[in-house]
Structures are given as structure tokens and as C-alpha cells.
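Please find below some notes on the model you sent.

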Amino acid sequence: MLNKYPLWKNLIILIAIVVGFVYALPNLFPDDYAVQITGARSSTEVDPAVLDRAVKALESEGIEVKSSMLEDRDALIRLTSSDDQLRARPAVQAALGRDYLVALNMAASTPSWLRSLGAGPMKLGLDLRGGVHFLLEVDMETAVGQRLDAVSGQIKQELRDERIRYRGGDVDGKRNIVVSFRDEASRAEAFSLIKRQYNEFLLDQETNGGEFQIILTLSESEVNAIRKYALEQNLTTIRNRVNELGVAEPLVQQQGADRIIVELPGVQDTAQAKRVLGATANLEFRMEARSDAPSSETEKFGFRDEPQRTARLERELIATGNNVANAQQAFDENGQPQVSITMDSVGGDLMNRATRNAIGRRMAVLFIEFRTETETKMVNGKPKEVEKRIVDKGIISLATVQSALGSSFRITGLDSIPEASELALLLRAGALAAPMYFVQERTIGPSLGQKNIDAGMLSVGLGFILVLLYMLLYYRGFGLVANVALTINLILLIACMSILSATLTLPGIAGIVLTVGMAVDANVLIFERIKEELKSGASPQLAINAGYSRAFVSIVDANITTLLVAIILFAMGSGPVKGFAITLCIGILTSMFSGLMVSRSIVNMVYGGRKVEKLSIGGKLANV
Amino acid sequence: MSDDQKQSFDFMGFRKLASVISIILVVASIALLGIRGLNFGMDFTGGTSVELEYAQAPQLGQVRSSLAAAGYDEFVVQNFGADTLVLVRLAESGNDKLAQEITRVLEANGNELKLISSEFVGSQVGDELKEDSGLALLLALLVVLIYVGMRFQFKFGIASVVPLAHDVIIILGFFALFQWTFDLTVLAALLAVIGYSLNDTIVVADRIRENFRKMRVGEPWDIINDSIHQTIARTINTSGTTLVVLLALYFLGGEAINNFALALIIGVVVGTYSSIYVSANLLMVMGVTREDLMIPAKEGIAGSEEDEQPPEWLNRM
């Protein structure tokens, strides 16, 4: 029968609407202030006893705990106000010690029956709600030191290659490398060699107690260049990491000469973010020292999971995590977590050269972690948080080289799956050029004033109502159908964005209303077609059918083309462009569903299957 | 809107004039972008961040109005950790005295406050955003060209990509001319305009294709004119509803979304214009013919007698 939907089709539409409504619902519940507790290492779990200690610590401070909950790998304590939240973090941190990370957070107060369906609200962005503000400081001394170490290694290698005998060659004090020679001739030879290759250094010659020395000093401009590079590299890495974490609408910017601000909108996994942002995990690949190697060329390290076991490694590095092009968490044949690593071409070469002549020897993978620990000290009678910087280096695997390694290999010896995937993430997102330390953690208020937020919301609501009125006045009965379809479109859009837990900013909200404005297009196209059909003499029933089916081609063509643009922007864009592309994609899909299916279903219910004399579609057509 | 079709308004009669206008606007916009450039917002340029501690919690609204009254035009004021701590970010940078000036301006209201720190902050947008987004946009245009070329015909591909570039360049021209702040929200608006304008162009192109296949007689001029005439009611209504939303956003939305709405208002007007006078005009110039749009022979001559049949599954809807 013409213009009659079968029951199953109406049911599908009904189910889609109900599901959409349920998933859009959590947005009506406000968020709670909370602190989140997680292990300082990804392998440390938070158990009920830990949570209990935290809650007791809060109670003894007189901070009201709204509720506390143990989740998968972390715990969330809800509090009643933001002031409580600020006092709670140091209190809990002090009670739990350094094995745990405590971070400020916002927690959704979605009722449990909704949560059990996996429903949660959209997050409000930094402009509307504010969020958590981290200030990280780049350790510039280490950045310069690392560079000097690398150069010192290279110089020693070259002197050995040229068979010039030298002594020392290590980094002395802050910015000098001192190499000593037995006679003036070797020094002259070395001097010309070094001068040719390392023009970023100021060279000095000195004679000291019968030793002929060359002193390399890093020039001030070179030091600045290293600092600048370290900061820029860290900014890029931090942006990558924030993106890898899936935090939407973050803010990452440079502050001053050596600091980086990271702001994350609330209701995110801030504890994980904090761990990953600050994690300066890197890898070093080194050969195990030969038993006859002089002790000046070796270093002793403990194993990461059993510190009492140690091994002597060569001082010289084969390669580091900086040479990693890609890293993925995977499992070995015994089901143990491992990380598959692909080196870049330089790294692959280095690896191959080092292992080619070392078959049968053992190679170590050294895991390096720079962390800060917060200690509360009494300064002038007031408790003050002091950040202490700690470098941990531990061997995670020491395996015999079976054959020359190339650019792809695997690393085993990791404790757990989360640890393996976090290491993969860190290697993938790029290493930090220099370690970073947290110097500040604060909540930050919304960047827009309440007046602006109110005005924005008002205009958005009014805009939507005006569209509804426009449609109603112009298309009468059919306008009403379009309005119902538009409202359902809005609910579905919100539901989809909530399921993806997208972050909503004020321009984002305006964008949603705009997609509504554009979603009208499908209905307008259809209604104008119906009018045309009526004008050319079709009966109302035939006009409806032809209107929908002819407009279909236009609607699909136009939407698919736009969808293609949105998909490409999503796949290639970054940051805010990506976020916008998601909204656009979802908007197109929901508007096609509501414009074609929902409005057709309503029209069929009203007009379908009976004799109709006249359609309420507005315009001069009423008297056709 | 429901005039007799024989008396179609002669849209294409203005096509020479429209071409001249479009070319002048695009050239002027490119020149303006070259000469004046865009006035990038704090998101792109960075600025100065000043942290202040008040003795008593201030009203942020008052802080904002004092700063505005003192002549600062681009700034953000937010609470920072506690309600007595205030963070002010300004677009200005490289001025060592700025923090003192701000402190003085705010103290003038009789507030007791202390300057905690003042530092330069870098841009919020990484370089990779500019590069990636530019590349993404170019690729998107290329894919539209190929898709529309396959789905319609190559000439239509060109006629749908050129208007997009036209619209984006003209919006940027306006921003360069008036030196309105170009920030991330305006970037989002530009992307929305591309979506909107493309949608508009394809709807018109779709009707042109349909009419070429349906009307066995008639010059391309008449067919294109009729197609525009037949879709004009839809074009006006869709642009109208969208503009209604945008005007509400512009006049009532406050300064936070002013420039966003402004970019979109220009975009919707220019986008609607370009789907007729750039896209259809280009089709005329490139000399689109009935043969270009003939349905391939294997679908039979019967298929080309009528307009394109909707897919079979649609009839079940």
C-alpha cells in the first residue's frame, strides 16, 4: 500500500528514538567534584584497603566525603565542593605515599542504571566548565647534559678510529668536555679533527701538569638552541600523548622559556593523564659488558622487577627510544605481554651494526623513568609541597643476541598488559627530548564568563525555536512533522556524542544547532518536491511518495559528498579540526535518518492508507 | 515561488555581471590577505599570562569589565585553583610592564591584590595543526572532485570544488579587511561553511542533471535556468532557517561566538550565491551538454526517458 510503513520499520524507528533518548539522558545530571587515585606505576593496583586509608585521611581532616568507589584500576572519591577538593588532594597524597598518584577530577553523577547501560554525559569544555591545569617544567640542565654526553661519546669513538691516544673525554662540570693527550702532536691532530666536526663548541687548549688538554665549551647560542629544541620537541610530544589518550579539546601551550601548560577539561581520567604526561619513560639498548672491560667503561644496573639482581652494562648506548618509529603492545607465544618495536632507519642501522658482531653476547633493554614525588615538608611552620626529582633506571630484559637484529624486534620482560601498552604509547607518541616535572596542579575555572555562557546558551535556544517557528509557519502541518523530526535529530545527535563522550565547547554547541539548521534542508527538499508534484497534478498520496523518493537522490548525493569531506578532515586533521569533523559526521548521519525515515514515518501515519483530499503543506498550494 | 515555469526568472542573465563580481571579490580577498594578513587570535599567537591574588574573592565579571574599560580587547579571565586567585591571559606579548599595568588597572577599583607571576605563553595551536589541516583540506577537495566527477560528470566535479575555494577565500578576505580576530572558532566556522556550501551546490547540480536527462529539448542555458528556478524555494528556505539561527547567535550570543557567527553568516550568503553564480555559471562556461549526463547505454534507452529511478529498496521505505 502506498505511504504505509510496515510495523517493523516503525518499530525500528521507535527503538532508535528510545535508545537515543536514554543515552542522551545522562546530560541532565550535574558533575561532582572528585579526587581520583591510581597507582604511580601502571602495574600498581588500588585495593579497598588503600581507598579506606584515603577516606579515613579525609575524615580526619574534616572533609566531607560524598561517596567513594573502587573502579577498574583506580578509585574515585566524590566531594561536595571545589574547596574541599583542593584540600583533599594533598591530604590523600600524604596518607597514601608515593606509590599512588592523586589527581583532581570531575565525576559524572549518572544514575547507576544508566551507567550499567554504558551511558554517560558529554563533557563540558574548558571554556564552559574549566578543568584541571598542570604546569610542567622541562629539565633543561639534563637536556644540555644529554647532548654533551652524546658528543663526548662520538668524539671518543672518532679518536679511537683515528688511533689517537687520549685520556678522559668526559663531561666536566656543566658545559665542558675535557680531553687530555700525552703529547702535543696528538693534541694538534685531535684539535683539527674536533674543530672540523664540532663547530658548535668553543675550543680551548691548555697544558695542565704535563697533560695537553683540549677543552670543548658549548657556546651560549648553542645552549639556547638546545633548550629551544627541547621545549619544542616536548610540546609536540605532549600534544601527541594527549591525543593518544583521547582527551578531547585540551589546551597545550608553552609558558615562559622552559614550561608547558596542559589543561584538560573535567571528567577525564586525569590520573592516567598525569601519569602519562609526566612519564618520561624511555628505553636504552646497551650491550652487556665483557668480563675484561675496564670499569670506567661499564655501569651497573639492577633489574626492574628484582632490584637485588644486577648486571654490568657498557656505558655506550646502541640506540634509544628516540629511534623508535612505531610500537605496539602484543603477546608472545606464552601469552606474556610484549612490545613490538619498529626502529626508524637510523635506529635500525645502529642496531644492526652493534649486533652483527655480537652474536652470542647479551643485550640489555634499560627502562628509564624520570618521575617526581611530592613530599609535604614543613616550611616556616606551614606544610609545603616539595617536588623531588627521581630517575629510575632498571633492566627489563637481558637476552642473548641470536642473530643480527634489524629494524623490527620485540621487547619482553614487562610486568603486565597495562604496562606494556603504556610503554608502547609512550614510545609511539615520541620521547621527550628532556625530562619534565610537574610544578603545579590546579583546578581552573571556565575561561568564559557566566554572562557569555548564558548569552551563548540563550542564543542557541532561541535560534532553535526560531527554526521551528519558521518551519511551522511556512509548511504548516508538514512543518510540524519536520519539527518533530528535528527534535529527534537533536536528541540522537546528543546521544551519539554522549556515547563517544565528546567534549562540548560553546562553539561546539553552536555547531550542533547549526547542523540542526542544516538538517532542515532534507525536509525542505522533500516538501518542495511534494509541492511540485501537487502542482503538476499528482494526487496527494502520489505526491508524497514521489516527493520523498525523488528528493532522496539529491539528499543522499549532497550528504555523502559532505560526509566524505568530514571523514577526511577527521582522518587527517588534528586537535579541534578533528573534533569538529566528528560532530559534522554524526550530524549528517542523524539528519539523514531523521529527515528521511522519521519524517516519512510520521507522514505515513498521518496521511498513509486513506483517501486524502488536501495536504497541509502551506503556500498557495492549499487551493490547487 | 510557484510561478509558471515558462516565466522562469532569468538567473543566468546576470552571469556575466556575477562572474565579474566574483573575480573582483576573490582577487581583492587574496590581495588583502597578502597585504594586511589575518589578525590571528590568542589561540594562534600566544600572549601573556598574569596570575593575581586578591585579598577578597573578586567578581570575575567586574575584572573583565575593568580590563575592557582600560582598552584591552582580547583577554581571558578565570579562577585559578581558589576563588581569590585569578589568571588573566592577554594576547599582548613582549611587554615587560604589562603585568604591572594590569595590576594597576585592577587596583584602581579599590581592590587589594598582589601580582604572583607573569609569563609569556606560546600558541595553543601546534604547527602540525596548520600543516595537517591545510593538507586535509586539499585532499578533501580532491576527493570531492573525484567523487562528484564519478557520480555526476567531471565538469560537475570542477563546478563543485571551485565554489568552495571561492567561499573560503572571500570569508578570509573579509577577516583580513576588517581585521576581525581569527581564532579556532572561526576555523571551525570555515569548515562548517565548506560543508554547507557543498551541500547547496550538489542540490542544485543534482537538479540540473535530472533536468538534462528529463527534458529532451532546450538549450543548456534554459535547462540550467529552470533548474535554479525549481530549487530556489528550497535554497531560500534552507539559507533562511540557517541564517535565522546565525543571526540569533550573532546578536545574542555574546563576544565568545561573535566571530564564529560572523564567519558563518558571510559563508552562508556567499555559499548560497556561489552555488548558483559560481557553480552553475562554471557549468555554462565549460559547456555542459546533454551527452555529458546520458546514462550509460547498458541501462537502456528506456532509462533515459525518465528521470533517474530511486533505488529499488527505497520503494520499500
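1. The model is predicted. The secondary structure of chain A consists of 14 helices and 23 strands.

2. On overall dimensions, chain A has a radius of gyration of 32 Å, whereas a compact globule of 624 residues would have one near 25 Å. The C-alpha trace of chain A spans about 115 × 60 × 50 Å along its principal axes.

3. Of the contacts in chain A with a separation of 6 or more, 74% are between residues 24 or more positions apart.

4. One open sheet in chain A has four strands in the order β2-β3-β1-β4, with antiparallel pairing. β2 (65-70) and β4 (100-108) of chain A each have a single partner strand, so they stand at the edges and one side of each has no neighbour in the sheet. On average, neighbouring strands of this sheet are turned by 25 degrees against each other, direction ignored.

5. Within that sheet, β1 (residues 31-39) of chain A pairs with β4(A) in the antiparallel sense over nine bridges. Ala34(A) has Asn105(A) in β4(A) as its bridge partner.

6. Helix α2 (residues 48-60) of chain A packs on the sheet and touches β1, β2, β3 (74-79) and β4 of chain A. The direction of helix α2 makes about 165 degrees with that of β2(A).

7. Helix α3 (residues 82-96) of chain A lies across β1, β3 and β4 of chain A. Helix α3 runs at about 15 degrees to β1(A).

Definitions and conventions: Residues are numbered from 1 along each chain as its sequence is written. Chains are lettered from A and ligands numbered from 1 in the order in which they are written. This is a predicted model: local features need pLDDT of at least 70, side-chain atom pairs count only at pLDDT 80 or more; totals for chains, interfaces and linings use all residues. Helices (H or I, at least four residues) and strands (E, at least two) are DSSP runs, numbered from the N terminus. The radius of gyration is taken over C-alpha atoms; the globule rule is 2.2 Å times the number of residues to the power 0.38. Two residues are in contact if their C-beta atoms, placed from the backbone, lie within 7 Å. Two strands pair if DSSP finds at least two bridges between them. Axes are lines fitted to C-alpha atoms, for helices over the stretch in contact, and angles run from 0 to 180 degrees between N-to-C directions.
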